[in-house]
Amino acid sequence: MIDVEMNEGLVIGIDIQEHISLVAYYDENEAKTVTLTFPNGKNYKENPISTKHWCMATDDEHIGQMEDIVRFFGNLIEHVKEQTGRLKIATVCVCVESFSIELLQFLEILFDKLGIDSFHRSFISREEAFAFYVYNQRKDLYMSCVMLLDYNYKGIDCYLMSNGKIKNQEVIKENRYHFYNHKITNVLNDILKLEDVTDDIIDWLKDITKNYVISSIFVTGQGFDVKEFPPSFTDFLCRKRKVFAGQNIYVKGACYCGYESLYAGRLSHMILACGNRITTGIELDILERGKQKRLRVIKPGINWYAAQRSYDFIVEDLTSFTFHLRPCDGSNDYLKTMDISEIPYRKGKMTKINMQISFSSENLCHVKITDKGFGGIVKSSGKVVYGQLDIM
C-alpha cells in the first residue's frame, strides 16, 4: 500500500500515452514542476503493454498483465519518492491520451490496487493539462490566444485557448482544429521528414492564425520531437509570437492541476471551458425553510468524469423537476424539465427522494431519481425515474 497524506505530501503528475508514460512532481520551494529523468537518461518509461489492451487486463486470463501494470506505476511513484526523499503522497493527477470511460474505469481499478483512493487521485484530458500548464506560466505568454500543436499518429491536433470576461466571470475558452493527410503518418514512420510536410502544415495553420492574435505557440508530440525545425516552419511560428517545444507539457500540466486541487491557484477564479469540461451550469429552484432559493447542482468548468453529485430532497405534490441551464459562453439560459410523476405523492411532506447526477461526456448529463419513502414511517415504493439532459 502507498502511504497517502494530504499535509506536506507529494503532488505527482503522470502523463499516460499509448506506449509510454512520464512522471513529474511539484516542487513547492521553487514553485515549479520537475519532470523525472530515469537512469537511462530518458524522461519516460515504456508501458508494459499498450493502453489499447489495458481494459482486457481485468479479465482472469490476463491477470499477469494487470500485475505488470500495477507494478509499473508503483515503480514510477516510488521513483518520485527516491528522487525527492519524501514518502507521503498528497495527490496524483493523471493525464490520459484517450479520455474514454473504459480507460478511466480501468484507472480506478489500477489506483485502488495501488492504495491511492478517490480523494487523492484525479484524471484529466490533454486539453485540460495544457490549460493548467500554460496558465501557470508568465502572463505575457497568454495575454492573447495560446496555441498548442500536438503531432501524433492521428494527425496534428491544434488547441487554441483564450481568456476573457463573460457575464463578469473570467472564462478560458477553447477552439479545436485537426489536420491529417497521408504524409503525416509517413513522417512518424520515418518514410518522410518533417520538412517534407512543412508546407502542408503551414498552409493549414495560415487559415487558423489569420483569425486570432496569438501570444505564444507550444509544440509537442512525436512528429515535432526533432533536433531542429525546418527554417520555413520556424520562421512562420515565430512571427511576433513566442514559441516553445517540449514533450513534457501534459505531465507538467497534470502537476499544476493536482496542486490546484489542494491549494487554490491561478485557475481557481476562472471557468475552464475546454474539452472534457462542463461548460453549462445546472441549477434547481428549491424551498429551504420556507424561502425560495436556487441550488447550484453542477458548477460550470469542472471535469465531467468528476461531476457526480447526490442530493436528498423532501418533496410535496411535485410531478416534475425544472433544471435551469446556464451556459458560460454568454448565450441565453434555458430550461429542461424532467417528469417524476411516477414517484407517489404523500401528504404531509412524507416523500423523500434521492437525486443522483452523473455525466458520460461534457454534453450528456444523466439524472436518477429514487423514492426513499420516509425513514421508518413510510416504506419506499421502489420507484426509480431516469432522465437525461442534453447540454448545448
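Q: Where is the place of V251?
A: V251 sits in helix α7, a helix being a DSSP run of H or I with at least four residues and a strand a run of E with at least two, numbered from the N terminus. The model is predicted, so local features need pLDDT of at least 70 and side-chain atom pairs count only at pLDDT 80 or more, while totals for chains, interfaces and linings use all residues. Residues are numbered from 1 along each chain as its sequence is written, and side-chain values use heavy atoms, with hydrogens and water left out.

Q: Why is V251 called buried?
A: Buried means under 20% relative accessible area, exposed over 50%, and partly exposed in between (1.4 Å probe, protein chains only). V251 has a relative accessible area of 0%, so V251 is buried.

Q: What does V251 touch, not counting residues up to four places away in sequence?
A: With contact meaning heavy atoms within 4.5 Å, V251 touches G13, I14, D15, L22, V23, A24 and T35.

Q: How do you know what span helix α2 should have?
A: The expected span is 1.5 Å times one less than the number of residues. For the 14 residues of α2 (residues 101-114) this gives 20 Å, and the end C-alpha atoms are 20 Å apart, which agrees.

Q: Which residues of α2 are buried?
A: They are L103, L104, F106, L107, L110, F111 and L114. Seen down the axis of α2, these buried residues fall within an arc of 155 degrees, so they line one face of the helix; the arc is that of the directions from the helix axis to the C-beta atoms. Their cover includes β1 (10-16), α1 (63-84), β5 (89-96) and β6 (121-124).

Q: What makes β5 and β6 a pair?
A: Two strands pair if DSSP finds at least two bridges between them. β5 and β6 have 4 bridges, in the parallel sense. The chain crosses from β5 through α2 to β6, and this β-α-β crossover is right-handed. That term applies if, with the strands pointing away from the viewer, the path from the first strand over the helix to the second runs clockwise.

Q: Why is the pair of Y26 and Y256 given its name, by the centres and planes of the rings?
A: Rings of Phe, Tyr and Trp (its six-membered ring) pair if their centres lie within 6.5 Å; planes under 30 degrees apart count as stacked, over 60 as edge-to-face and the rest as tilted. The ring centres of Y26 and Y256 are 6.0 Å apart and the planes stand at 75 degrees, so the pair is edge-to-face. Y26 lies in strand β2 (residues 20-27) and Y256 in helix α7 (residues 249-262), 230 residues apart.

Q: Is Y26 buried or exposed?
A: Y26 counts as buried, because its relative accessibility is 7%. Y256 also counts as buried, at 8%.

Q: What kind of aromatic pair do F179 and W204 form?
A: The pair is stacked, at 5.2 Å centre to centre with 25 degrees between the planes. F179 is in strand β9 (residues 169-179) and W204 in helix α5 (residues 194-209). Both F179 and W204 are buried.

Q: What is the phi of N276?
A: Phi of N276 is near 70 degrees, a positive value in a residue other than glycine. Most residues other than glycine have a negative phi. N276 lies in the loop between β12 (270-273) and β13 (280-288), and with a relative accessible area of 11% N276 is buried.
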